[in-house]
Amino acid sequence: MSVSVRNVAAVTALGAALAGCGGGTGTSKAGGEARMGTHAATTPASPSASPGLPGSSSAPRPGAPGKAPTIAPGPNGLTPVFERAKRQADKTVALTFDADMTSDQGPRAASGERFDNPELISTLRTLKVPSTIFMTGRWAEEYPDQAKSIGTDPNFEIANHSYSHHAFKSPCYGLPTLDGAAAARADVDRAFAAFRTAGAVNTVPYFRFPGGCYDDQALRAIATAKVTAVQWDVVSGDAFAKDPDAVAEQVLAGVKPGSVVVMHCTRSAAPVTEEAIHTIVPELRKRGYRFVKVSELIGK
């Protein structure tokens, strides 16, 4: 199938208005020194490493970050940032899905708003698309059965998207901002604890900043968590979109070997994502692409 690129400008504009759902590109100069996505390194084992943490030789605890490739810290120990596997020779692409829910959205969920998207997860399973789900802890608490189902399915890996979906730097699409480094680190830990409570096992030591917003201060605040921050190079524009064809065209126009695509796993905020996947997946396969999890891209 030949896919023309139409409405790309409109979708790009939409992608910039995601209100904290992954619309930012992260930094300008700030944090750029820690961007090390072109050379990955597996964290070395350490006798003093805690069970289940990166570098541990023990089996990971449910909900704790398991053993997966990470990137060495940046200058001054800053959390490293991965955006795309730029040295990829083969056609691989990682579809990532943000399962967003802020800590104060419980009343909206109670009134019937759906922040989950089980149809999307089912479609990814049916189409056999390995994927990385960047989940907030609050989402895992709201949908523990789904979090466990995703987190015990080898087709998926769960990465940390914070607990509260509050910003780690300000301004960030109008999101509330966490108060200081201690609060930032605690928010990351609380998300992993929520995954553990839900019974998720396939968790990885990767973190995505809410809204994609970060700077050196944010990278420094979570450095002791020993995670790799994962951004993206392709914005799908699925947040609040109503045209699945436009979303598909945006993705297909942007994907390159080693790309990381940001999409969403929230029906209320991204209602056409599942439909767009039915176009994106077969077309990329037709072009010779193979779908992988982020861990495989980082491990190259």
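The chain contains 10 helices and 9 strands. Of its 300 residues, 56% count as buried. Contacts across the sequence are well represented: among those between residues at least 6 apart, 82% join residues at least 24 apart. The accessible surface of the chain comes to about 11700 Å², and carbon and sulfur atoms account for 54% of that area.

Confidence deserves a word before the details. The mean pLDDT of the chain is 84, with 79% of the residues reaching 70 or more. Over residues 1-20 the pLDDT stays under 50, and the model has 43 contacts beyond four places in sequence for this stretch. Residues 22-60 also have a pLDDT below 50, and here the model shows 96 contacts beyond near neighbours in sequence. Where pLDDT is low, the predicted coordinates should not be read in detail.

In helix 3, which spans residues 118-126, the residues Leu120, Ile121, Thr123 and Leu124 are buried. Viewed down the axis of helix 3, these buried residues fall within an arc of 160°, so they line one face of the helix. Their packing partners are strand 2 (92-99), strand 3, helix 5, strand 4, strand 8 (259-264) and helix 9 (273-286). Helix 3 is followed by Lys128, a residue with a positive phi near 55°.

Helix 5 covers residues 144-151, and its residues Gln146, Ala147, Ile150 and Gly151 are buried. The four lie on the same side of helix 5, because they cover an arc of only 125° around the axis. The cover over these buried residues includes helix 3, strand 3 (131-135), helix 4 (137-142), strand 4 (156-160) and helix 6 (181-198).

The largest nonpolar core holds 61 residues, of which Phe97, Met135, Trp139, Phe168 and Phe209 touch the most other members. Helix 6 gives the most to this core, contributing 7 residues. Apart from this core lies another one of 17 residues, among them Phe134, Tyr206, Val230 and Trp232. In soluble globular proteins, nonpolar side chains tend to be buried together.

Leaving aside residues up to four places away in sequence, Trp139 touches Ala99, Asp100, Met101, Phe115, Asp116, Gln146, Ala147, Ile150, Cys265 and Thr266.

A search of the whole structure finds 1 disulfide. This disulfide joins Cys172 to Cys213, with an S to S distance of 2.2 Å. The link is right-handed, with 80° about the S-S bond. Distant parts of the chain are connected in this way: Cys172 belongs to the loop between strand 4 and helix 6, while Cys213, 41 residues apart from it, belongs to the loop between strand 5 (203-207) and helix 7 (216-221). Both ends are covered, as Cys172 is buried at a relative accessible area of 2% and Cys213 counts as buried at 7%.

The phi of Ser162 is near 85°, a positive value in a residue other than glycine, and Ser162 is buried, with a relative accessible area of 0%.

The loop between helix 1 and strand 1 contains Asn76, another non-glycine residue with a positive phi, in this case near 60°. Asn76 counts as exposed, at 74% relative accessibility. Ala72 has its place in the loop between helix 1 (8-15) and strand 1 (81-82) and is partly exposed, with a relative accessible area of 34%. Although Ala72 and Lys226 are 154 residues apart along the chain, their C-alpha atoms are separated by 9.3 Å.

Definitions and conventions: Residues numbered from 1 in each chain as written. Heavy atoms only, no water. Helix = DSSP H or I, 4+ residues; strand = E, 2+ residues; numbered from the N terminus. Buried < 20%, exposed > 50% of the residue type's maximum accessible area, 1.4 Å probe, protein only. Contact = heavy atoms within 4.5 Å. Areas by Shrake-Rupley, 256 points an atom, 1.4 Å probe, with all protein chains shown as cover. Arc of directions from axis to C-beta. Core = buried A, V, L, I, M, F, W, Y, C linked by side-chain atoms within 4.5 Å. pLDDT = per-residue confidence, 0-100. Disulfide = S-S within 2.5 Å.
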